[in-house]
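Welcome! Please take a look at the sequence and the structure below, and then we can walk through them together.

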Amino acid sequence: MSEEAESSGYKGAALRALKKAGCQVGDLIRITKCGKAYEGILIPRSETADAEHVVVKLKSGYNIGIRITPDVEIERVGKGAKPAFASPPLPEQKPELPRVVILSTGGTIASRVDYRTGAVRSALSASDLYGVVPELADIARVETEIVFSLYSENLTQQHWSQLAQRVAEHIARGVDGVVVAHGTDTMAYTAAALSFALQNLPVPVILVGAQRSSDRPSSDAATNLIAAVQAAARAPFAEVAIAMHETVSDTSIVITRGTKVRKCHTSRRDTFKPVNATPLARVHDSEVSMLTSEYQKRDPAKKLVLKPNFSDAVALVKFYPGLDPAVIDWYVERGCKAILLEGTGLGHVSKYCFSAIDNAVKRGVLVALASQCIWGRVNMNVYDTGRDLLALGVEPTEDMFPETALVKLMWIFGQTSDPAEAKRLLKANIAGEFSPRTLPEEFGFQGGDSHGN
Amino acid sequence: MEIDYAKIGLKVGLEIHQQLNTRAKLFCGCPPALFKEEPEITFLRRLRPTQSELGQVDPAAFFEFQKGVKILYEANRATSCLVEMDEEPPHPLNMEAVEAVLTAALMMNMQPIDEVHVMRKTVIDGSNTTGFQRTCIIASDGWIKVGEKTIPIQAASLEEDAARKTGEEDGGKIIRYRIDRLGIPLIEVATAPVIYSPAEAEEVAFAIGRILRDTCKAMRGLGTIRQDLNVSLPNGALMEIKGVQELELISKVVKYEVQRQLVLISIKEELNKRGIKKDALQQQFIDVTEVFKQTRCKVIRKALDKGCGILAVKLPLFSGILKRELIPNVRFGTELADRARFWGRVGGIFHTDEMPAYGITAAEVAALRKATGAGEEDAVVFVADNEENARDALKAVVERAQEALEGVPAETRTAKEDGTTRYMRPRPGAARMYPETDIPPVRLTAELIEKVKAHLPEPAEKKVKRLMREYGLNEKLAKQIVDSEYGLLFESVVRESNVAATTVAAFLTETLKSLKREGIAIEKVTDNQIRDLFKAVGAGEIAKEAASDVFVWLSKNEGKSCQEAAAALGLKMLSKAELAALIDRVIAENRNVVDKLGAKAFGTLMGVVMREVRGKADPTVVNTLLKERLANR
Ligand SMILES: [Zn+2]
């Protein structure tokens with residue numbers, strides 16, 4: 001078996017048997033076992049699967065796994081035909097349309113399925129993208145760039161910096177909007193990071209993802225992407241925001257400020273919810289409508305201020321009954337510049353953590369506190385514990401939920417090492433992360449049985 | 001006309017789908033049940049045809065997408081969760097369903113697959129929220145004996161049932177589907193195309209159906225079993241016929257399909273004789289709205305009032321062809337109309353072969369012919385709808401007419417309740433299947449297969465003999481019970497109740513068969529209700545003669561008990577005291593007879609009493625009691 005085939009998941013007995021028979025993935029092979037013959041195309045195998053089975057795609061289209069035992073015979077019947085994909089011609093660019101650049105960080109916002117082997121290939125060149133989502137050609141002149149090819153859980157502070165710089169360069173070139181295709185798991189962290197790093201934006205920066213992968217007909221990827229490009233091209237605001245499904249229906253896409261949005265469900269399409277905020281805008285029937293009057297206006301004359309640095313010397317400690325305060329000491333020893341406590345309720349952690357916190361503050365670590373309730377505002381004046389924590393020097397973080405507060409601390413220590421300046425920045429409203437008023441409807445979310453056609 | 005099916009080369013393959021009565025659906029914890037009430041949850045979706053590696057998309061699918069067709073899904077909390085809504089990944093494969101399929105597969109001498117891989121079969125008509133149906137092969141390469149013939153069974157698969165269509169709105173732009181049925185496990189059994197006559201198709205389907213029932217996991221009732229047929233003739237085409245709901249319909253569907261193909265072949269010969277060439281059939285659509293300005297045809301009037309126009313196309317030399325009957329209620333014109341409905345979303349078409357009719361006058365027909373330049377030898381098809389729909393409809397009509405020159409077009413057709421079939425969609429290309437990566441492959445271990453083998457149901461012939469031996473049934477009754485849907489219920493009823501085995505067997509076969517013939521929905525009565533019914537009969541609470549009345553009442557009053565049935569029907573058994581009082585009254589009323597005949601009056605009085613207590617007393621008890629009262633008088 002060639003190296004190509006070895007990279008296709010087979011190992012152990014199965015790999016040896018395939019090698020012996022000279023079979024490669026994509027070949028037509030015949031496996032004879034107990035007098036029965038199975039003929040089909042050799043399919044790659046999942047890397048985590050066992051080493052005892054060979055997967056074949058039968059003529060009927062079904063895959064089956066055949067256990068390799070000493071009496072099994074494998075024969076190579078024919079060479080697999082490589083699919084000849086002809087890229088569709090690039091549709092004519094309409095010069096009157098706005099320019100939007102789509103930056104990809106990984107995942108597959110658009111993809112094709114290889115029905116032959118089951119492989120899913122991402123379609124990220126502009127022409128591929130137009131082939132899969134042809135509607136884009138009527139919305140904007142789209143350019144694409146692959147910045148990273150990473151699962152979103154593998155992105156770190158360095159990637160935020162790099163991404164912010166790429167966005168800034170494209171804006172400097174004069175695009176009318178930027179779309180960032182992103183895995184949904186950490187998309188809200190990146191959105192918050194870009195919100196702090198890209199200040200005084202002249203045009204919108206819209207992050208977009210999909211909860212159902214784009215190789216399936218029911219994927220939300222295309223609908224979300226179309227809305228994101230629509231908003232990047234035409235929306236009147238100029239902020240970093242996330243565009244995703246508003247409900248479980250495909251009818252409306254809601255756009256929410258990057259510092260006020262959180263992934264709240266493991267699998268639903270409408271997983272992104274505004275926290276202590278109302279959404280910025282909604283895209284419905286190709287129309288962008290604003291849902292608030294409080295937003296930064298689009299203005300190409302504005303000069304972008306780029307502050308792309310983040311510190312990784314910031315930690316999050318979630319309080320739970322029985323937490324070992326030695327964790328706090330450990331972070332202090334490691335040289336952490338800031339620790340965000342994820343406290344309970346209005347902003348509390350147990351008394352038995354007080355001496356560790358006191359030590360951290362005395363050692364010059366900025367200790368801040370956000371609530372694990374997610375919704376609502378921290379208020380440490382109501383109970384003794386809160387007042388004691390304030391007295392120890394713990395900084396409350398208003399109505400920021402923990403992830404935004406954490407990203408903000410990382411960004412702050414990317415800008416300064418001065419504790420006083422850090423405290424000033426923590427209290428300043430830099431990217432709409434604080435809202436002075438919380439309205440009653442800004443809590444939780446209603447289940448998605450609305451379809452509003 | 002008697003057709004020699006072997007001679008004309010008929011080949012039929014069967015695909016039998018049977019819903020499985022597992023505790024939960026195939027990929028989630030929801031119960032496999034449907035709901036009738038208004039939906040509690042609705043949501044609107046679009047399905048986007050995905051591009052294959054070759055850049056291809058399914059033409060029918062892409063057509064629907066371009067027209068902006070949306071799907072409105074209906075759900076309730078009792079029967080669906082986020083999985084059916086495609087808002088949560090599927091849970092692992094339901095092993096209870098896997099075992100049920102394995103059971104059937106082993107009974108059909110099949111070879112289990114070592115490692116089962118769940119696949120996604122692309123289906124984007126909206127019947128699956130995901131845009132694909134999840135399916136997997138559990139076993140392959142087996143056989144069953146039907147009479148003397150061995151029928152090869154190609155595969156036994158396990159798949160999820162689809163959502164059911166509940167309507168259309170907005171001129172077909174919104175299709176409603178209910179997702180309660182989505183995810184119910186289905187076993188699919190496919191035979192090789194080695195069936196050569198309609199009768200044989202039915203026999204084979206029947207034999208497979210019996211095996212599936214023997215697994216004890218088959219759901220019962222209308223809609224729980226669906227047969228798909230592949231029917232082909234050497235000079236015709238391979239036709240895929242979907243959704244035959246009753247076994248009894250299979251031979252009729254096959255017969256009709258053969259007839260339809262034969263007529264289409266003769267139409268082709270007729271058209272060739274008339275010398276029509278394919279390029280004479282052109283997509284030249286003429287606006288004939290003017291012709292019908294003053295029409296009294298209600299359908300056209302209504303369309304015109306809505307601002308629609310009328311578009312017509314000439315089919316040269318097609319006069320008389322459109323009224324040719326293919327099968328009952330399906331003329332060649334119907335085939336054109338079905339295509340027009342599918343591709344143009346129109347309500348129907350009009351054509352000159354059926355004119356004058358529907359309030360359309362001879363003068364209008366003449367004007368229509370003039371406007372389209374059609375002579376008497378030509379046919380004209382016209383449609384009243386908006387321009388876009390009308391164009392799509394007539395385009396489809398012309399394409400179908402062109403296909404008639406070639407003979408029989410390969411299609412996917414859907415079976416109606418009367419055994420006829422209608423156009424459903426074009427035959428899909430090669431199955432678009434790719435792996436369901438959200439579900440890990442399942443190994444069918446030797447231990448699992450041994451376990452299933454150890455619990456295989458008894459083969460039918462053996463069971464007949466055993467029922468004869470153990471329950472004293474005659475061969476005919478034993479066979480009927482084994483062939484019926486109640487083969488398994490029979491034994492538990494006899495075991496639990498005090499009723500004679502032959503009585504139970506006769507009821508579950510002959511009585512129910514005749515009730516079904518009378519139109520009673522026998523599938524509405526559950527196994528548990530039948531058990532309770534016989535317990536009540538055995539306990540003397542319901543007379544054996546009243547059992548069928550109770551059964552009929554239960555079928556019409558779902559969810560009620562036998563006791564409620566007996567009360568509603570006034571069938572409550574009389575107590576001994578009540579019966580004695582009734583007998584005394586009868587004796588008193590017939591004093592002269594008793595006086596004259598003495599003990600010999602018994603026969604007459606027995607008749608009178610039984611007429612009064614019919615269904616409310618056991619004849620043997622009446623007999624004893626009446627003798628006693630007469631003697632003690
Ligand atoms: Zn469910």
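**A guided walk through the model**

Let us begin with Thr42(B), which is buried, with a relative accessible area of 14%; here buried means under 20% relative accessible area, exposed means over 50%, and partly exposed lies in between (1.4 Å probe, protein chains only). Thr42(B) belongs to strand β2 of chain B, residues 41–45. Helices (H or I, at least four residues) and strands (E, at least two) are DSSP runs, numbered from the N terminus. The C-alpha atom of Thr42(B) is separated by 6.6 Å from that of Leu72(B), 30 residues apart along the chain.

Before we go on, a word on how to read all this. This is a predicted model, in which local features need pLDDT of at least 70 and side-chain atom pairs count only at pLDDT 80 or more, while totals for chains, interfaces and linings use all residues. Residues are numbered from 1 along each chain as its sequence is written, chains are lettered from A and ligands numbered from 1 in the order in which they are written, and side-chain values use heavy atoms, leaving out hydrogens and water.

Now step back to see chain B as a whole. Its C-alpha atoms fill a box of roughly 100 × 70 × 55 Å along the principal axes, and the chain has 21 helices and 23 strands. Of its 633 residues, 55% count as buried. Among contacts in chain B with a separation of 6 or more, 74% come from residues 24 or more positions apart, where contact means heavy atoms within 4.5 Å. The domain assignment gives chain B domain 1 (5–272), domain 2 (277–404), domain 3 (458–568) and domain 4 (576–632); such bounds come from an automatic or database domain assignment. The C-alpha centres of domain 1 and domain 2 of chain B lie 34 Å apart, and 18 residues of domain 1 of chain B are in contact with 17 residues of domain 2 of chain B.

Cys81(B) is partly exposed, with a relative accessible area of 24%, whereas Glu84(B) is buried, at 3%.

Next, the interior. In soluble globular proteins, nonpolar side chains tend to be buried together. A nonpolar core is a set of buried Ala, Val, Leu, Ile, Met, Phe, Trp, Tyr and Cys residues joined through side-chain atoms within 4.5 Å. The largest one here has 126 residues, of which Val54(A), Leu93(B), Leu158(B), Leu315(B) and Phe318(B) touch the most other members. Helix α5 of chain B (residues 250–274) gives the largest share of this core, 10 residues. Beyond its neighbours within four places in sequence, Phe318(B) is in contact with residues including Leu271(B), Leu281(B) and Phe332(B). Another core, of 54 residues, lies apart from that one and includes Ile171(A) and Met400(A).

Chain A is our last stop, divided into domain 1 (3–78), domain 2 (99–306) and domain 3 (314–427). The C-alpha centres of its domain 1 and domain 2 are separated by 41 Å. An open sheet of 8 strands in chain A runs in the order β9-β6-β10-β12-β13-β14-β17-β18, with mixed pairing; two strands pair if DSSP finds at least two bridges between them. β9(A) (141–146) and β18(A) (287–290) stand at the edges with a single partner strand each, so one side of each is left without a neighbour in the sheet. From one strand to the next, the twist averages 25 degrees. Strand β17(A) (residues 281–284) runs antiparallel to β18(A), and 4 bridges join them; one bridge pairs His284(A) with Glu287(A) in β18(A).

A further open sheet of chain A has 4 strands in the order β20-β21-β22-β23, with parallel pairing. Its edge strands are β20(A) (314–318) and β23(A) (395–396), each pairing on one side only.

Definitions and conventions. Axes are lines fitted to C-alpha atoms, for helices over the stretch in contact, and angles run from 0 to 180 degrees between N-to-C directions.
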